[in-house]
Amino acid sequence: MAKEIKFSLVYRDMWQSSGKYQPRVDQLVRVAPAIIDMGCFDRVETNGGAFEQVNLLYGENPNVSVRKWTAPFHKVGIQTHMLERGLNALRMNPVPADVRELMFKVKKAQGTDIARSFCGLNDHRNLKLSIEYAKKAGMISQAALSITHSPVHTVEYYLGVVDHLVEYGADEICLKDMAGIGRPTFLAELTRDIKKKYPHIKIQYHGHSGPGFSPASMLEVARAGADYLDVAVEPLAWGKVHPDVITIQQMMRADGFLVKDINMDAYMEVRRLTQEFIDDFLGYWINSSNSQMSSLLVGCGLPGGMMGSMMADLKGFKAAINASERANGKPESSLDTLMVKLFNEVEYVWPRLGYPPLVTPFSQYVKNTALMNLLAMSQNKPRFSSIDKDTWNMILGKMGKLPGKLAPEIVELAKEKGMEFYEGNPQDEYPDELPKFRQMMKDEGWDCGQDDEELFELAMHERQYRDYRSGIAKERFNKELAELKAKAGAPIVIKRPVVEMPEFDIDKIVEKYPKATPVQAPAKGKMLWQIDVVDDSKAPVAGTKVKAGKACGYVQTYYGMEEILPAVDGRVVAVTAPQGKDVVKGEIVAFVE
């Protein structure tokens, strides 16, 4: 009998390519029905990772976002899952145990079914509490293996990690191939051995497309017994993210697997809405290279999800590196040249730092060290002249056990600085902090929120949460967006109230303004707006939903006039006008020549 393969949509992961932001919750809620109507997904990854911080960065409440975003999927029985980083939970540095435990309680209450937990070092000790806390909260615990390709990351190595994860009670195993550099036959062997030893364990494969292995890897792990495959949807598929569901569905079907059909009308709606989000504001942050796959990633092993931030960092360092190169009589480097140099330097640094899998936050640590090495060498200084605090904590073992051995030069450097290596349980280094944060909430006069979710956000992301509460985050986001739009030559948005409210005698208004059906500018410098308000109670069948704009008695139409002064003569200007106190509020956009 043919085996069934199920698909999980990693819609949350798709926004990593922006390097900073994601759709707002109102936009996510709009796309949810179309995702559901596609009919091919059993799971959707909705939150976790940077999701919480991204919401805070543009001044939104992540708790509201998670509840609204997961709700539509729950109603139809599609499971939702989150991503968390073990010892680091939802941030880049270690988190106290009591805050980690609260996270699982909060996320379960908010509607998250599955906790995908990974440790970037594959230290099973960092995942023990994640598994226990997830199950205690009533979630499915999916423990992840951070997949990479190195001499120390063998099938035997990973099976040893799996033994501990199953012992702790993990319900599922995820092969988290975050950089997409896992070799297909290797992944198949690992999947087959896990299934042979633990046939009751479900296996989900998560592989990015950057270096190009992912479709072959998906086929191989499916043949070896995997249960779920993570996929994406255009226009944020392929490139540095995930393969598109259409290709993988057809590939699986051709190989004899049972897969669900795809409603293509719904697929096109998801595609359209996703592009709409990009055009709205996401596109101003997305690096154009993120849509391209690159075999250069095979060697350095960096995950595609960090390419946006990496290129931003590289641009920032370019001037300093070139200045040093000029001062030392060396030729300047282009951005492409620097990118290749950085990839080569990552290949040099990575084994010397003990082969940490290149996943958040350790991929950032390795990349940062490589970047600082490039700067140091441009200044005729030795490598490893500058290593940041977090990277030292990784080196010293305070975040877990490194898979490989440190290079003698790194060990010697640590001794020169008087640093001590740590071999205990990493969690023991970070005492509980919830009582402190409860007192902070009390001192600020803030409510801890439903299910202590506001307390959790403060404890997890204190600085970002305070910026959100103060309004600074929203101001910063709006300012940054305005600057990027101005740089790109986007239309200027002018907001002002309606200055004329005519009497609402529809017959007279229509007679006076016969061409007012679309929003238009009948005279230069003036805008005539129209809004249709539907009264369902007056429909032929009471309560029937009808579309605004139809010429029938249960649709009320209002008009107004507004004076407009274009900022630049001849430039397209978008005008947003509140519709008055007695009219349904909304936004009307007019284009003035």
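Predicted model: local features only at pLDDT ≥ 70, side-chain atom pairs only at ≥ 80, totals over all residues.
Reader: Which residues account for the contacts in the chain with a separation of 6 or more?

Author: Residues 24 or more positions apart account for 75% of those contacts, when a separation of 6 or more is what we count.

Reader: Where should I look for the place at which strand 1 is joined to strand 8?

Author: Look at residues 6-9, which form strand 1, and at residues 228-231, which form strand 8; these two run parallel and are joined by 4 bridges. Within this pair, lysine 6 stands opposite tyrosine 228 of strand 8. On to strand 2, strand 1 pairs in the parallel sense over 3 bridges, and leucine 9 stands opposite valine 44 in strand 2.

Reader: What can I follow from strand 5 through strand 6 to strand 7?

Author: You can follow the bridges again, for strand 5 (residues 140-146) pairs with strand 6 (residues 172-177) in the parallel sense over 5 bridges, and strand 6 in turn is joined to strand 7 by 6 bridges, also running parallel. Glutamate 172 of strand 6 is the bridge partner of glutamine 142, and the bridge partner of glutamate 172 in strand 7 is lysine 202. Strand 7 (residues 202-207) is mostly covered, with 5 of its 6 residues buried.

Reader: What span should helix 10 have, and how far apart are its end C-alpha atoms?

Author: Helix 10 (residues 264-280) has 17 residues, and at 1.5 Å a residue these should span 24 Å; the end C-alpha atoms are 24 Å apart, which agrees. At its N-terminal end the helix is capped by asparagine 263, a side-chain oxygen of which lies 3.0 Å from the backbone nitrogen of aspartate 265.

Reader: Which residues of helix 10 are buried, and which exposed residues does the face turned away from them carry?

Author: Ala266, Tyr267, Val270, Leu273, Thr274, Phe277 and Ile278 are buried in helix 10. Seen down the helix axis, the buried residues fall within an arc of 145°, so they line one face of helix 10. The face turned away from that buried side carries the exposed residues Asp265 and Asp279. Helix 1 and helix 9 are among the elements that cover the buried residues of helix 10.

Reader: Is leucine 413 buried or exposed, and what does it touch?

Author: Leucine 413, whose place is in helix 16 (residues 408-416), has a relative accessible area of 17%, and it is therefore buried, the cut-off being under 20%. Not counting residues up to four places away in sequence, leucine 413 touches Phe384, Ile387 and Trp392. Although leucine 413 and phenylalanine 384 are 29 residues apart along the chain, their C-alpha atoms are separated by 8.7 Å.

Key
Residues numbered from 1 in each chain as written. Heavy atoms only, no water. Pairing = 2+ DSSP bridges. Expected span 1.5 Å × (residues − 1). Buried < 20%, exposed > 50% of the residue type's maximum accessible area, 1.4 Å probe, protein only. Arc of directions from axis to C-beta. Contact = heavy atoms within 4.5 Å. Polar contact = N/O pair within 3.5 Å; in protein donor to acceptor, adjacent residues only side chain to side chain.
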